[in-house]
Amino acid sequence: MIEKKTIFSLSSGRPPAGVAVVRVSGPAAGAALLALGGRVPPPRRATLVRLRDAGTAIDDALVLWFPAPGSFTGEDVAELHVTGGPAVVAALLRALGTVEGLRPAEPGEFTRRAFDNGKLDLTEAEGLADLIDAETEAQRCQALRQASGGLRTRAESWHARLLSVLAETEAALDFSDDEEDVSTRLVEGEGPEIMALVREMEDHLGNYHFAERLRRGLTIVLLGAPNAGKSSLINALAKRDVAIVSPEAGTTRDLIEVHLDLGGVAATLVDTAGLRDAAGAVEAEGVRRARQRADESDLVVFLLGPDDREAHIPAGAIVVESKADIRHGHADTRLRVSAVTGEGLAALEALLVERADALVGAGQDALVTHARQRDALAECRDALATAFEEHDAVLRAESLRLAMRALGRLTGRVGVEDILDIVFGRFCIGK
Amino acid sequence: MERFDVLVIGAGHAGCEAATAAARAGARTLLVTPGRATIGVMSCNPAIGGLGKGHIVRELDALGGVMSEAADAAAIQYRLLNRRKGPAVQGPRAQADRKLYRRAMQRAIDTQPGLQVLEARVDDLVVDADGVSGVVLSDGATIGALAVVLTTGTFLGGVILIGGDVRDGGRVGEASSVNLAQRLRALGLPMARLKTGTPARLDGRTIDWTRVEWQDGDDVPSFFAASTRGAMNPQLSCGITRTNIATHDIIRENIHASAVYSGRIEGTGPRYCPSIEDKVMRFGDRDGHQVFLEPEGLDDPLIYPNGLSTSLPVDVQRAFLRTLTGLEQVEIARPGYAIEYDYIDPRALSRTLELHAIPRLFFAGQINGTTGYEEAAGQGLVAGLNAARSARDLSPAVFDRAESYIGVMIDDLVTQGVTEPYRMFTSRAEYRLHLRADNADQRLSEKAIALGLLSGHRARLFRDRAEALVKGRAQLDAARASPAQLQRAGLGVRQDGVTRSAFEWLRFPDVAWADAVSVWPELSDIAEPHAEQLHTDARYAVYLERQSGEIDAFRRDEALRLPYDLDYSAIGGLSNEMIDRLNRARPDSLGAAARVAGVTPAALTALLRHVKRAA
């Protein structure tokens, strides 16, 4: 017999911090409380308990006890709030590790158990993962909608309508020949409903790329000749605390990345090696990568130094003139910035926010945000479209069944009994 | 004490099929029935087959069963239902002469080598820790058996209700099996109640046949048995009349007197075969319901008014019947009634229909919560076959959802259980395009021969047909043509320049079989029934290919076995609700678990991890 392990981990941020929360989930969670604190407090009541490791005090902890199934994971859960010092947390984790039946949790394992216990459906679990990862307000809203069942609600409504269409079709196959009630009432009414479903799914799929961009964040690539002032611009933007989330070294030496919050939309601004013709082999590779990165990005900002030729500017790029402080005259229509004086930086930010907003478009309201969800929904839509075209009732039913299975993959599943329930509720069957 | 390999209790549709299948599978078999004369009685409507049901009869034929040939011997009107829809959902159906059916079935029983019949009533089972080992008759005699098949239909604790009149009975005029019912309850088996009903039988001589409409049978009959060469009886038509407002008013006024509506019944009835009371109360907005007047036999004046099942008092039955056109003077020969009976929760059974709790005790038919002659017979064959195999220490023979309606039915029963009497529909089969009435032999007969169920003349018929189909298919694959060639032959196909085989061309709705023969004259060698099946295969080819992928996936899930005594509460990641559902269903594979109602994908993931780890 497989033994169900109890897992534990630090669930709050990395110490040192004011408070650290350690979560324990599984059948031995109660035993762990007994072992460390000598008692299990009443359910859902914050209780002060002195935790000890083999007699040595660790800390006075605020302990919360959630017996199964009324907990986040659906299992027995204990939450230990201790002082957030590294030594305290380390001592507590070490002590928990010595309790029989406990092991450290793997990443995402608490959510996984919540999902396994039916506390979350697949789309809600995906939403929760996104919520934890959300860096910006728009991402947070999108993930929260998902985690609280936005897509599930929609899918359930599609499900109910598709079920109704399928029931009509199956009734026609199983009963129409012998049951006048079915044969006289069955008009070819499913066609418009099938088409309506196809169109609605189409709309949601159409918003997918906006939503997906919003979920993972935009990539903005900064291109320009060497010495056009790219690094200075990045540093200048990075110094404006409104823009910066976290500066972070790129994975390759020639690509430097900073994370921006563009009016709620997360974006990564990537600095690249300077574009230059007739370069050496190593530099040519850097240029090739820069171009490739630009091709894959959502937006390109092309920085033009005072002496640069206007070459290699990709279509759709925002062109910005740099080093405004040493230029003469006025920019015509172009934005001109100076990393030294800060001139034009606010205008550049505003422009980026505007473009970012357009790029995520309806993404804030979109429900389909993951490739898995998109694939299942697209399969459903394709099967429905096939059903709409099909004249043979048996083959139409076959395509509708396929559509149903695809939709079922999004959230749950459908059984034959669901279809028959509708058939018997709606038609008077039985000679 | 006399000993048999297999002992079958009950000689209805399940019992007859079980006894003959056990004997064919090599078991020394005894069929015990309270009355020899009631062997093969049709207790409800005088018809065999229909949508889903006709599929089962063809499958029985492919497995060497007895129902198909008896039905053809008794048929007095053939109709292939859903003729205008696709071949996958076409079901053969026939009106049957009751007397001829009984006679044919009794002949099949009498001539089956290895099968004896005993006229007696069974009061008890001999059960010990090792399982069942025999039965005790009402006279106290004991008969030993290595395996026992129970096919008692509605006779277990049967109660007949007509209006306020309630009496024990398994069928009108026949006693129910009270002692056996008590014994099964005492064994702690999960029993519950179901109900069903039947209409009054009318004296056809009191019907004004000039005032009803008529429905004829098919000009070209679709037989049930491969061995049938032509219609064996004169063919009759059925009358059609309908209920009207006056009928409904009488029923509504007297609804309190209906046994079913007065709350005298606790069992659940079938939604697809509602009583006329149900139809009027639930679908009151309809101004009338169609009623088929089906003859009970060639020389029998009795008429079965299909669609008028009722448990109203006799005088109310007479009153409402006389409101129907043509029935103004009708006399009731026997009133309609509702019957409530015991059934066993089929989730207590394995796929061989053996009871998990008592080894070598098998259950088949209505006692498992099903309704319908065909459903009963299908289970009978599986139970009888496996009783024989268990008596002879052979491995179980199981039928799955991808190969037969019989497999679909048994899987539904043992994994889902029933909430109302279970009947077959084509919509229950996820591989419907593959599970057709026309290819039942291709799906099952090879297996039947290997199991010893099909031999001699009937096996030869199958081999001949299989050979002709293979040859025909090879011809269709070899014959090729371009769209231009088809156009020259007068066929309006898309000119995409792709040369295709005849089999591929036949997929297009615009290419009829006759067209194919005109393009490739050599195809006229292919005989008509084979041509029809090959054409269907061609039409469904794209879908069948995809289904075959799904069937592979289905079989992979079925191969992930879950032991019967699995402790679900010890598997990580299952909620209490899931543990409860799985405990009741005890699915035998991961695939079956997925079909248990309400089991979530998350629970399946947890189960999958468990099986993989255990493997």
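This is a predicted model: local features need pLDDT of at least 70, side-chain atom pairs count only at pLDDT 80 or more; totals for chains, interfaces and linings use all residues.
Reader: Where in chain A is A:Leu395 found?
Author: Look at residues 393–410 of chain A, which make up one helix. A:Leu395 belongs to this stretch, and the helix is α14.

Reader: Is A:Leu395 buried or exposed?
Author: A residue is buried if 20 or more other C-beta atoms lie within 10 Å of its own. A:Leu395 has 20 C-beta neighbours inside 10 Å, so A:Leu395 counts as buried.

Reader: Which residues does A:Leu395 touch, not counting residues up to four places away in sequence?
Author: In chain A there is A:Glu390. Chain B also contributes to the list. Together, the residues that A:Leu395 touches are A:Glu390, B:Gly86 and B:Tyr543.

Reader: Which strands stand at the edges of the open sheet in chain B?
Author: Six strands of chain B form this open sheet, in the order β14-β15-β16-β17-β13-β18, with antiparallel pairing. A strand with a single partner has one side left without a neighbour in the sheet, so the edges are β14 (213–215) and β18 (332–334).

Reader: By how much are neighbouring strands of this sheet turned against each other on average?
Author: The direction of the strands is ignored here. The average for neighbouring strands of this sheet is 40°.

Reader: Which residue in β16(B) stands opposite B:Ile240?
Author: Strand β15 of chain B covers residues 238–242, and strand β16 of chain B covers residues 290–295. The two pair in the antiparallel sense over four bridges. Opposite B:Ile240 stands B:Phe292.

Reader: How far apart do the C-alpha centres of domain 2 and domain 3 of chain B lie?
Author: The domain assignment gives domain 2 as 456–546 and domain 3 as 560–614. Their C-alpha centres lie apart by 45 Å.

Technical notes. Residues are numbered from 1 along each chain as its sequence is written. Chains are lettered from A and ligands numbered from 1 in the order in which they are written. A residue is buried if 20 or more other C-beta atoms lie within 10 Å of its own, exposed if 12 or fewer, and partly exposed in between; C-beta atoms are placed from the backbone. Two residues are in contact if their C-beta atoms, placed from the backbone, lie within 7 Å. Domain bounds come from an automatic or database domain assignment. Two strands pair if DSSP finds at least two bridges between them. Axes are lines fitted to C-alpha atoms, for helices over the stretch in contact, and angles run from 0 to 180 degrees between N-to-C directions.
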